[in-house]
Amino acid sequence: EKDIVSKLPLRNKKILITAGPTYEAIDPVRFVGNHSSGKMGFELAKAAANLGAEVTLITGPTNQKASHSFIQIVPVTSAQDMYEAAHRYFKEVDIAILSAAVADYRPKNIATQKIKKKYTTLTLELEKTKDILASLGEVKTKQFLVGFALETNNELENAKGKLKRKNLNLIVLNSLNDKGAGFKNETNKVTLIDAEENITEYELKSKAEVAIDILNKIITQIHA
Ligand code: CTP
Ligand code: CA
């Protein structure tokens, strides 16, 4: 009891967290985006900081706030920005948790002027963005790498596929079939799958509580 700080389980750990949506520009005033609130990532950042971690939170556009002396916020806009920021910090971290809802596609050409409504139909050509999580899996050394999987069908199979393909230590399966789970909701229901394919299913709970469950699993695994 003399030294509470020395008992914090994530003391001396550096954690990288990605959060929120990305915005992919169409022209100077428009973008392609998604409904991610950023809440899950911000709750992870706050919980990790409260457990003593030094957190770098790379976030797409969101209204979420996190003022904590152990949290450094790195705001980004596009998938490409997030990719570059993630690689800038990854080398020096012990744990990376990629909870952002990164755009899979972006407009192939960004109009330099505002697009006028002179067309009856307008087709946007999209190209793939880089997969940030998979790219970190390729360069990973000591880092404990955690991804999310947002699924609507064949959930376990798809999540296990992502775990293996992206070289992860843990994946958080978010099933959109569960009422109250994911994305815009205040609550979440997750299943964690580790590298040995051990499966732990959790109840529907607040995202703050889900964040604790995820961090507890990570702490158990890095000490195993
Ligand atoms: N992710 C990422 N970079 C991308 C796309 C996804 O880092 N360009 C990460 C997400 O942050 C998440 C994980 O990859 O941790 C899985 O995202 P998800 O959308 O479920 O899967 P995808 O691999 O993008 O495949 P699909 O959308 O086709 O299911
Ligand atoms: Ca995706």
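The buried residues of α2 pack against β1 (14–19), β2 (24–27), β4 (54–59), β7 (105–107) and α3. Buried means 20 or more other C-beta atoms within 10 Å of a residue's own; exposed means 12 or fewer, partly exposed lies in between, and C-beta atoms are placed from the backbone. Packing rests on contacts, with C-beta atoms, placed from the backbone, within 7 Å. Helices (H or I, at least four residues) and strands (E, at least two) are DSSP runs, numbered from the N terminus.

This is a predicted model: local features need pLDDT of at least 70, side-chain atom pairs count only at pLDDT 80 or more, and totals for chains, interfaces and linings use all residues. Residues are numbered from 1 along each chain as its sequence is written, while chains are lettered from A and ligands numbered from 1 in the order in which they are written.

Which residues of α2 are buried? They are A79, M82, Y83 and A86. Down the axis of α2, these buried residues fall within an arc of 105° (taken from the directions from the helix axis to the C-beta atoms), so they line one face. An α-helix has 3.6 residues a turn, so residues three or four places apart point the same way.

Now turn to ligand 1. Of the 15 residues around it, V102, I132, L133, G147 and F148 come nearest. α3 (132–139) and β9 (144–151) each supply at least two residues of the shell. β9 gives the most, with 4 residues.

I71 is partly exposed, with 19 other C-beta atoms within 10 Å. Leaving aside neighbours within four places in sequence, I71 is in contact with A45, A49, V55, L57 and A66.

Notes: Near = placed C-beta within 6 Å. Contact = placed C-beta atoms within 7 Å.
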